[in-house]
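Subject: Handover of a structure and its description

Dear colleague,

Please find below the structure that I am passing on to you. I would ask you to keep it open while you read the notes that come after it.

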Amino acid sequence: MRLRVLFLFLGVLILTAFLMPQFSLAADEGNSKISKEEVPQIVKIFVKDKFDVAKLANMGLDLPEVKHKNKYVISVITESELKKVSSLGYKYKVVNDDADSVLRATRAGTLSKYHTFDQIEKILKDAEANNPSICKLHVIGKSCEGRPVYALNIASHAAGAKKPAVLIMGLTHAREWISAEVPTALIEEILQKYPVDKTMKELVDSRSIWVVPVANPDGLVYSQAKSKMWRKNRRANSDKSFGVDLNRNYGYQWGTVGASTYTGSDTYHGVGPFSEPCSTAVKQLAEREKFRATVSFHSYSELVLFPFGYAYEAVAKDEQLLAELAKGIAKFNGYTPEKSSDLYPAMGDSDDWFYGAMGALAFTIELGSQFVPNDNEVDKINADNVKSCLFLIEKAGNVHASNHPDFASKVQRAISTFAFYSATSDARANTSKTELINILNPVNDNDGKVFDEFILEVEKSDLNSKKMLAPVLKEVKDMYTQNIINKLGNTRQVIRDIEKLQIELEKVEEK
Ligand SMILES: [Zn+2]
């Protein structure tokens, strides 16, 4: 008896000893992960002006709250980042030294309104199963960890003319859970009303509505299960850190302003434009569907943002239309409409690409006044923003961006394609330049009308596009000079126009 107890005791001892190193290894791994990803803090940083804000964004900080008038920003920040901020002379105040605790506490019982990825997956599958005549569920790609990226297409699929397509997207950033709720609520609202509400039926029958409620499935799962304040996707970077900021990974003006080359940063932009499967999935969908309008939901700050975002001085050709629509959207949710870069410039976000490269009227809606609003706020946020979406879906039938592929002229398309590939250092930049020059060749442009349009387009372009177009202009000039010899068209006037434009571009170059 005693012997048996002794054996049992020894057995447990040996087993414990055997297991201990693994236990401690697991704990170490956990700790080192935490210290590597670091417990985030919520910090209020005081700023003098917009350049102070831009400097912080360029350090790779996410700034969910930017209060230019009150001269502060709120950032979710690690200890080492905070040290750097402080060493640069910024004053700050820690609002919460354990940002995850905000979500941990609320998750303990009060955040029942929020869906998990699995629950949203079920809602989408049920939507298709119960409404086969107007719903088709697509898997548009797979995440880094192999989860499907779902897109639900709501449209009556009767044959006929191509219908204006609109994209409503949510949860690009992991911790912004509310941003998956509004697209989900939109689906439910449409499907509930379609059979009984004449206006809704007419709207759906005349549009192609695409809803991607979770653009970053790995991030959502990780944020809800492990690290509540996680922002990026779950890409395993080469240095063993994790995550790329999907909203810095889009290919129009992809770069380092308001984005980071440091893998550990919250705004790490990835190894190249569209390096991530989730942003690529959205890109391919957009290239196929040619959306007239898009909304990407984020949280927080109660804003309706419109392009461009990549530079203070970048002006969208359709800025007036974008601003008007943003105002219209804001009527329903009560938010503040604002040009994206007025907050702070950031390169590689989805709106700049949707608008700049794809000719979609693109908006980002920053929901609520915290990353994960309280349960009692969710219904109102959903209801208001579903209305905002329906407003834009309706508008998309009547208005369009000047560079939308269904409407833009040959030369407009050629310019924007060339500018897009050049900006993203894509190998296709050369082919698209040749195509543009071909269109402008006086042999193909007898009456010079294409050239006149080209000149107008160059004049309207933003600074960066102008710089890119300067060498094209030179080649076109050479062609026309050759043309004098061949005595074709009103060549001398064209050359004078080009020379005028070249002088302007040189001034731009000097700035
Ligand atoms: Zn976001």
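The notes below describe the model, from the whole chain down to single residues.

**The model and its confidence**

This is a predicted model, in which local features need pLDDT of at least 70, side-chain atom pairs count only at pLDDT 80 or more, and totals for chains, interfaces and linings use all residues. Residues are numbered from 1 along each chain as its sequence is written.

The term pLDDT stands for the predictor's confidence in each residue, from 0 to 100. Its mean over the chain is 87, and 88% of the residues reach 70 or more. Residues 9-36 have a pLDDT below 50, and this stretch has two contacts in the model beyond near neighbours in sequence. A contact here means that the C-beta atoms of two residues, placed from the backbone, lie within 7 Å. Where pLDDT is low, the predicted coordinates should not be read in detail.

**The chain as a whole**

The chain holds 18 helices and 12 strands. These are DSSP runs numbered from the N terminus: helices are H or I with at least four residues, and strands are E with at least two. Of the contacts with a separation of 6 or more, 75% join residues 24 or more positions apart.

Of the 511 residues in the chain, 46% are buried. A residue is buried if 20 or more other C-beta atoms lie within 10 Å of its own, exposed if 12 or fewer, and partly exposed in between, with C-beta atoms placed from the backbone.

**The sheet of eight strands**

Eight strands form an open sheet with mixed pairing, in the order β5-β6-β8-β7-β9-β12-β10-β11. Two strands pair if DSSP finds at least two bridges between them. At the edges are β5 (135-142) and β11 (336-339), each of which pairs on one side only. From one strand to the next, the twist averages 20 degrees. Helix α10 (residues 319-333) packs on this sheet and touches β10 (303-306), β11 and β12; its direction makes about 160 degrees with that of β10. For such angles, axes are lines fitted to C-alpha atoms (for helices over the stretch in contact), and the angles run from 0 to 180 degrees between N-to-C directions.

Within the sheet, β9 (residues 293-299) and β12 (residues 361-367) are parallel and share seven bridges. S299 of this pair stands opposite L367 in β12. The peptide bond from S299 to Y300 is cis, with omega near 10 degrees. Y300 is in the loop between β9 and β10, and S301 lies in the loop between β9 and β10 as well. S301 is not a glycine, yet its phi is positive, near 135 degrees. S301 counts as buried because it has 22 C-beta neighbours inside 10 Å.

**The nonpolar core**

Which residues have the most contacts inside the largest nonpolar core? They are V166, V211 and V212, in a core of 134 residues. Such a core is a set of buried Ala, Val, Leu, Ile, Met, Phe, Trp, Tyr and Cys residues joined through C-beta atoms within 7 Å. Helix α14 (residues 410-423) gives the most to this core, with eight residues. In α14, 12 of the 14 residues are buried.

V295 lies in strand β9 and is buried, because 28 other C-beta atoms lie within 10 Å. V295 and V166 are 129 residues apart in sequence, while their C-alpha atoms are 8.3 Å apart in space. Leaving out residues up to four places away in sequence, V295 touches I168, M169, F363, I365, C389 and L392.

β2 is joined to β3 (residues 72-77) by three bridges, and V66 stands opposite V73 in β3. K71 is in the loop between β2 and β3. Although K71 is not a glycine, its phi is positive, at about 60 degrees. K71 is partly exposed, because 13 other C-beta atoms lie within 10 Å.

Yours sincerely,
A colleague
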